[in-house]
Amino acid sequence: MPEALLKDIVSWGTALVVLGAAVRMIFNKNVMHSAVYFAVSLVGTAGLFFLMYAEFLGIAQLLVYAGAIVVLVLIAVMASTKSYAELELTRLTQTWGSAAGVFVLTSFMLYLSYTTVWDTTGLKPYTTEHGGDIAPIGKGILIDYVLAFELASFVLLGALIGAIVLTRREPEGNP
Amino acid sequence: MTLEHYLAIGSVLFCLGLYGALVRKNFIVILMSIELMLNAVNINLVAFSRFLNNAAYEGQIFALFIMIIAASEAAVGLAILLALFRNIGIIETDSARSMKG
């Protein structure tokens, strides 16, 4: 089987996993099942990153999204339900209006994606002469865009403090 | 698989996340749909970085920053959810009706 065809099959298969898991996440009554489909969709997205030769970002996606955020969501699901029967409580709201608006947006975005003439002159075959993508990304976040990097670390610090303050229990005996 | 297909995948994933955030009433599923939207933007950025200029990695750096912000936003959102659950005891956006508990 020629290589390009095999790569195309794998790419479309991964894309199908991502989109199918997203659909099943939305239309599921059980919150725990939605969280599992969410994790599957995130792992599929990491696969798409690997297929586009963005290896560092793929590993970061697996660690941060499919590792930390999914665990956070599962902890929140388990901390906020009193019994297993409560997991199946939810209904949908305003399906037709949302569907119409989202359908218009989807068709507009697909039209833009497929009819714009993209200037792909910068696309060269992938080589590993420069040692992969970690060194340029490292240079980018530590030399070129270091201000954004420091501000992002401030945002993380603020989120950490905020999460601790929000979930703190008041000690007993306070007025 | 060309640039248009990756952009189409990102667009459809974004619109699915948007639909999920509009339609569901469970707060956790709304948060997960917002994370899906940020994920779709990451796919688009990495596709642009790969197909338009192979030697420049700004798209991937931008996607890395989006990942950082999405992680902190998920943490704060779930902390708000826990505080809300302690106040009203139910995780549905319809039930958070009163301004002062």
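Me: What is the mean pLDDT of chain B?
Reply: Chain B of this predicted model has a mean pLDDT (the predictor's confidence in each residue, from 0 to 100) of 89, and 98% of its residues reach 70 or more. Local features need pLDDT of at least 70 and side-chain atom pairs count only at 80 or more, while totals for chains, interfaces and linings use all residues. Residues are numbered from 1 along each chain as its sequence is written, chains are lettered from A, and side-chain values use heavy atoms, without hydrogens or water.

Me: And what ipTM does the complex get?
Reply: The predictor gives an ipTM of 0.92, alongside a pTM of 0.90.

Me: How do α5(A) and α3(B) cross?
Reply: The axes (lines fitted to C-alpha atoms over the stretch in contact, with angles from 0 to 180 degrees between N-to-C directions) of α5, residues 134-144 of chain A, and α3, residues 58-88 of chain B, come within 9 Å and cross at roughly 65°; helices here are DSSP runs of H or I, at least four residues, numbered from the N terminus.

Me: Which residues make that contact?
Reply: With contact meaning heavy atoms within 4.5 Å, α5(A) contributes Pro136(A), Ile137(A), Gly140(A) and Ile141(A), and α3(B) contributes Gln60(B), Ile61(B), Leu64(B) and Phe65(B).

Me: Switching topic, is Asn87(B) buried or exposed?
Reply: Asn87(B), which lies in helix α3 of chain B, counts as exposed because its relative accessibility is 64%, where exposed is over 50%, buried under 20% and partly exposed in between (1.4 Å probe, protein chains only).

Technical notes: Helices (H or I, at least four residues) and strands (E, at least two) are DSSP runs, numbered from the N terminus.
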